Amino acid sequence: MAYPLELGFQDATSPIMEELLHLHDHTLMIVFLISSLVLYIISLMLTTKLTHTSTMDAQEVETIWTILPAIILILIALPSLRILYMMDEINDPSLTVKTMGHQWYWSYEYTDYEDLNFDSYMIPTSDLAPGGLRLLEVDNRVVLPMELPVRMLISSEDVLHSWAVPSLGLKTDAIPGRLNQATLTSTRPGLYYGQCSEICGSNHSFMPIVLELVPLKHFENWSSSML
């Protein structure tokens, strides 16, 4: 989860988020190199005497500054498209969970089970247990098995919401009358926090998301106790 004065992304917990971090670093390096080159050229123009006045009319220079940006855009677009298609693929999910956004809480339904559903409300600050995270803890966590593909079906009962968990690389809009889907796979157990990322009213800041990723055996024990 995020910590005070954090400047970068949260630690990746899913393969998709790891790929997104690599793409970010790849693109940032290209931007850094371009910025350095532009700054160097500007400094040269300000500090040196221009002895070749016909340089800007040279065909070779025009060819280079036309082809080079196109190559750079391709180097950014190809890995970006690859990750985009990876995020859209859902291959034989082991579990399906439907989440519905409300003003201002989330409800969850495990569709592979006959009667396993609950609402998830934020715990008020006055009721937090010692060590609890303000504005992030909920009364009912979403327990999911780790290292298994899980499909999330996301929609809304009233207004636009957005179901987002940064460390898993997830952010999917919850739209009334429309069912969006996302896939998640966690590489390690733990608690992962998120929040609604679409302004949905006066209590938009008070509908957090908490995922508890556990080994499959613990998930089976939890689901049996909930039925």
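Reader: Which residues does glutamine 10 touch, not counting those up to four places away in sequence?
Author: This is a predicted model, in which local features need pLDDT of at least 70 and side-chain atom pairs count only at pLDDT 80 or more, while totals for chains, interfaces and linings use all residues. Residues are numbered from 1 along each chain as its sequence is written, and side-chain values use heavy atoms, with hydrogens and water left out. Glutamine 10 is found in the segment before helix H1 (15-47). With contact meaning heavy atoms within 4.5 Å, glutamine 10 touches Met1, Ala2, Leu21, Pro166 and Ser167.

Reader: Is glutamine 10 buried or exposed?
Author: Buried means under 20% relative accessible area, exposed means over 50%, and partly exposed lies in between (1.4 Å probe, protein chains only). The relative accessible area of glutamine 10 is 15%, and therefore this residue counts as buried.

Reader: What is the phi of leucine 5, and is this residue buried or exposed?
Author: Most residues other than glycine have a negative phi. Leucine 5, in the segment before H1, is not a glycine, yet its phi is positive, at about 65 degrees. Its relative accessible area is 82%, so leucine 5 is exposed.

Reader: In what order do the elements of the protein run from the N terminus on?
Author: Helices (H or I, at least four residues) and strands (E, at least two) are DSSP runs, numbered from the N terminus. The protein has 3 helices and 10 strands. From the N terminus on, their order is α-α-β-β-β-β-β-β-β-β-β-β-α.

Reader: Why is the protein, with its 3 helices and 10 strands, more spread out than a compact globule?
Author: The 3 helices and 10 strands belong to a protein of 227 residues, for which the globule rule gives 17 Å. The radius of gyration is taken over C-alpha atoms, and the rule is 2.2 Å times the number of residues to the power 0.38. Along its principal axes the C-alpha trace spans about 80 × 40 × 35 Å.

Reader: Which residues have the most contacts inside the largest nonpolar core?
Author: A nonpolar core is a set of buried Ala, Val, Leu, Ile, Met, Phe, Trp, Tyr and Cys residues joined through side-chain atoms within 4.5 Å. The largest such core has 31 residues, and those with the most contacts inside it are Tyr110, Leu144, Trp163 and Leu211. Strand S10 (residues 208-214) gives the most to this core, with 4 residues. To name the residues asked for again, they are Tyr110, Leu144, Trp163 and Leu211.

Reader: With which residues is leucine 211 in contact, leaving aside its neighbours within four places in sequence?
Author: Leucine 211 lies in strand S10 and is buried, with a relative accessible area of 0%. Its contacts are Val142, Leu144, Trp163, Val165, Leu168, Leu184, Gly190, Leu191 and Tyr192.

Reader: What separates the C-alpha atoms of alanine 129 and leucine 211?
Author: Alanine 129 is found in the loop between strand S3 (117-120) and strand S4 (142-145), and counts as exposed at 51% relative accessibility. Along the chain, alanine 129 and leucine 211 are 82 residues apart, and their C-alpha atoms are separated by 18 Å.

Reader: Which residue does a cis peptide bond join to glutamine 103?
Author: Most peptide bonds are trans. Here omega is about 0 degrees.

Reader: Where is leucine 135 placed, and what is its phi?
Author: Leucine 135 is in the loop between S3 and S4. This residue is partly exposed, with a relative accessible area of 21%. Its phi is positive in a residue other than glycine, near 70 degrees.

Reader: Which residues does glutamine 195 touch, not counting those up to four places away in sequence?
Author: Glutamine 195 has its place in strand S9 (residues 190-196) and counts as partly exposed at 35% relative accessibility. The residues touched are Leu135, Leu136, Ser162, Ala164, Ser205, Met207, Pro208 and Ile209.
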